[in-house]
Amino acid sequence: MMHTDEIPLSTTAERQAVAAETGTAPEKDWVIVTRGLKRDYDMGGEVVHALRGVDIAIRRNEYVAIMGPSGSGKSTLMNLIGCLDTPNAGEYWLAGELVSDKDEDELARVRNREIGFVFQTFNLLPRATALHNVELPLVYAGVSADERKKRATEALERVQLGDRVHHKPNELSGGQRQRVAIARALVNQPAILLADEPTGNLDSTTSEEIMRVFEGLAEQGQTVIMVTHEPDIAAHARRVIVLRDGLISSDDKRATFIKSAGIAPPDLSKK
Amino acid sequence: MPFVEAVWLALAQIRVQKLKSFFTLLGVCIGVMFLIAVISIVQGMSSYMENEFAAKLLGVNTFTLRRFPWFGDGAGSEEEWRAWLRRPRVYHSDLALVQSVLPPGSRVAVESQDFLQAQTQFARPKQVEGHAVDGDYFTIKKYDINRGRAFTTQESTLGVPVVVIGDEVAKYFFPDLDPIGRPLRIKGTPYTVIGVLEKQGSVFGLSLDRVAIAPYNSPMHHFTNPRGDVDGIMVQTPTSLLLTEAMESVREVMRGRRHLRPGQPDNFFMETSESALAFMDKLKKVMTMAGTAFPAIGLIVGGLVIMNIMLVAVAERTREIGIRKSLGARKRDIMRQFLVEAATLSTLGAIIGILLGITIAKVIEWKTPLPAAIAPWSIVMATLLGTVVGIISGVYPAKRAAALDPIEALRKE
């Protein structure tokens, strides 16, 4: 069963064309465009080049994995894409907006409206119920209490947690917690779902469960970007970008990635 | 994040950490408690002075012409006191002159008083407060006659030995008897009791019901002021505006009568409730200052405790701050969250302090003769004070929280 055919991927030529047009806003269809993205860190007098000029173009509805060993710069890239950090050089366009030169408060607004985070450690507020956790982004978006409750409940139902809304994180299993986090990420209808090692704290069965949730979301048209160091997990995405030493070393379709990585294709059948 | 949201969040936080929150707000609580208690008692004393003391002893729209002030903080020095004693006395003969310059509708009375020995066949001899009075004394003093009557103009003019006695005098000298028509011997002279006053109560524990009031022309004035002088000439005007006017006229004629040259000070005193209360105001200021110094220290310490606890809270909740920031909280949202939390804690402390303070004031009122009046403004002020202390002590921790880098904060265990 080949899902890749159902949703068209951007072609390498298209991506290169978009990435080359420095200084101009990409077409609305391109959710993420980075041009010559650089990020340096000053580690006690020694400058570390974490990213040395990264060009990425991701079209709406794509399901992309960003792979790379530790130290490859994938965490730095994830922080930049997530608007938690700003680049030293280069452009970053998110949903048609140039976010690389925005200030802190504007970035907070972008995180609130355009990005849904899913973290390895779930990052739920331990003392708040699932419902309240999911409501949080809406609180900062200034949505009224009634509307918040309605939308948060809907989001939890979307991840099959409609019967767990009043449970606190410690009353939920790992998989359920991660699904609460996914509901929270989706509740504000962001442009991208940005997952950082989403299965890092889960066993393999639960990992598969979460991957099926992602697959379902991608099929419904949600742009998903997943950062991982596990090839098996990356292989669930339709496109895999591999980073090495702060540069993109490959950017391929799933099939090509699976072949070159020499791993077994994931079981994408729905259970 | 809307304000209400932040308050709910703060309350939830307080609920989760009850014991810690309790200790956090203890300082503010104690500070506010003492503040409320002190203000209540000072207020109570002063309204007591104004309503009870001033009205009962001095009367409304009333002044008393005297040799020197009776109520107040006394002479400033030994010399002043001696100068007061060298002043000429006020005599009954001054009454006609004073009366001649008063605005229409005014009332006057002379008063001459001292403690005098009294006795009946029913009780052992005892001192009573003898008052030799005439004019509108009963009206000015607002004395209501419970039983019997006041003396008539005729009795007053003729100096008939009749007496109107206070409640306590009646009960002591005529136990279980109707005193009306019975004789009461004062300094050997028998007076016929014609009236009993309504119970007056007491001022600072001094009973106002130990009086025996007789006409000025009766033999009593020989005992109260043997030199023929009086203790005071009381004047009551219909309005407070006329009071100042009357005082000016009386000052003028008295200075004339005593041949005072311009520039020479008055050698008499016109005592009003204000002049008596001026001293109370001084006392009130000192008490308020002394009484608020201690609570102020409490509030400062309370503020420091809150700041410290909030700094700990920021450190403990770094990850939460990171999560909130990643979900779109701006600096000002985080800032507000912690400010509101500090302010809520502190206001809560203030509210508990107010309740405790009121309780203390009530207990003091109940156990001692000191009255307590809870001033509404002091409650509002204490609440605001609590909020302000919270906000001030929350600023620094809230700024630290708001300035946290989201990536660092999310990484924190």
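**Leu194(A) and its surroundings**

Author: Leaving aside neighbours within four places in sequence, Leu194(A) is in contact with Met78(A), Ile81(A), Gly82(A), Ile115(A), Gly116(A), Phe117(A) and Ile225(A). The model under discussion is a predicted one. Leu194(A) belongs to strand 7 of chain A. It has 28 C-beta neighbours inside 10 Å and therefore counts as buried, the threshold being 20 or more. A further position, Arg179(A), is 15 residues from Leu194(A) in sequence, and their C-alpha atoms are 14 Å apart in space.

Which strands pair with strand 7 of chain A? One partner is strand 6 of chain A, residues 115-118, which pairs with strand 7 of chain A in the parallel sense over 4 bridges. Within this pairing, Gly116(A) has Leu193(A) as its bridge partner. Gly116(A) is also among the contacts of Leu194(A). Another partner is strand 8 of chain A, residues 223-228, which runs parallel to strand 7 of chain A and is joined to it by 5 bridges. In general, the strands of a sheet pair through backbone hydrogen bonds, in either a parallel or an antiparallel arrangement.

Strands 7 and 8 of chain A are also related through a helix. Together with helix 7 of chain A, residues 204-219, they make a right-handed β-α-β unit.

The loop between helix 8 (231-234) and strand 9 of chain A contains His236(A). This residue has 27 C-beta neighbours inside 10 Å and so counts as buried. Not counting residues up to four places away in sequence, His236(A) touches Met211(A), Phe214(A), Glu215(A) and Pro266(A). Leu268(A) lies 32 residues from His236(A) along the chain, yet their C-alpha atoms are separated by 7.7 Å.

Strand 9 of chain A, residues 239-244, has 5 of its 6 residues buried, so the rest of the structure largely encloses it. With strand 3 of chain A, residues 63-67, strand 9 of chain A pairs in the parallel sense over 4 bridges, and Val64(A) stands opposite Arg239(A). With strand 10 of chain A, residues 247-253, the direction is antiparallel, and 6 bridges join the two strands. Arg244(A) stands opposite Leu247(A) in that pairing. The hairpin of strands 9 and 10 of chain A has 2 residues between the strands, and Asp245(A) takes a positive phi near 50 degrees there.

Chain A also has an open sheet of 4 strands, in the order 2-1-4-5, with antiparallel pairing. Its edge strands are strand 2 (46-59) and strand 5 (97-98) of chain A, each of which pairs on one side only. Strand 4 of chain A, residues 89-94, pairs with strand 5 of chain A in the antiparallel sense over 2 bridges. In this pairing Trp93(A) is opposite Leu98(A).

The boundary with the other chain may be described next. In the model, 18 residues of chain A are in contact with 16 residues of chain B. Helix 3 (104-114) and helix 4 (130-141) of chain A each supply at least two residues of the side of chain A that touches chain B. Helix 3 of chain A gives the most, with 6 residues. By class, this side of chain A has 9 nonpolar, 3 polar and 6 charged residues.

Finally, one helix of chain B may be set beside these elements. In helix 9 of chain B, Leu243(B), Ala246(B), Val250(B) and Met254(B) are buried. Seen down the helix axis, the buried residues of helix 9 of chain B fall within an arc of 70 degrees, so they line one face. These buried residues pack against strand 1 (62-66), helix 4 (94-100), strand 13 (232-236) and strand 14 (269-272) of chain B. The face turned away from the buried side carries the exposed residues Leu241(B), Glu248(B), Glu252(B) and Gly256(B).

How values were computed:
Residues are numbered from 1 along each chain as its sequence is written. Chains are lettered from A and ligands numbered from 1 in the order in which they are written. This is a predicted model: local features need pLDDT of at least 70, side-chain atom pairs count only at pLDDT 80 or more; totals for chains, interfaces and linings use all residues. Two strands pair if DSSP finds at least two bridges between them. A crossover is right-handed if, with the strands pointing away from the viewer, the path from the first strand over the helix to the second runs clockwise. A residue is buried if 20 or more other C-beta atoms lie within 10 Å of its own, exposed if 12 or fewer, and partly exposed in between; C-beta atoms are placed from the backbone. The arc is that of the directions from the helix axis to the C-beta atoms. Two residues are in contact if their C-beta atoms, placed from the backbone, lie within 7 Å. Ala, Val, Leu, Ile, Met, Phe, Trp, Tyr, Cys and Pro count as nonpolar, Asp, Glu, Lys and Arg as charged, and the others, Gly among them, as polar.
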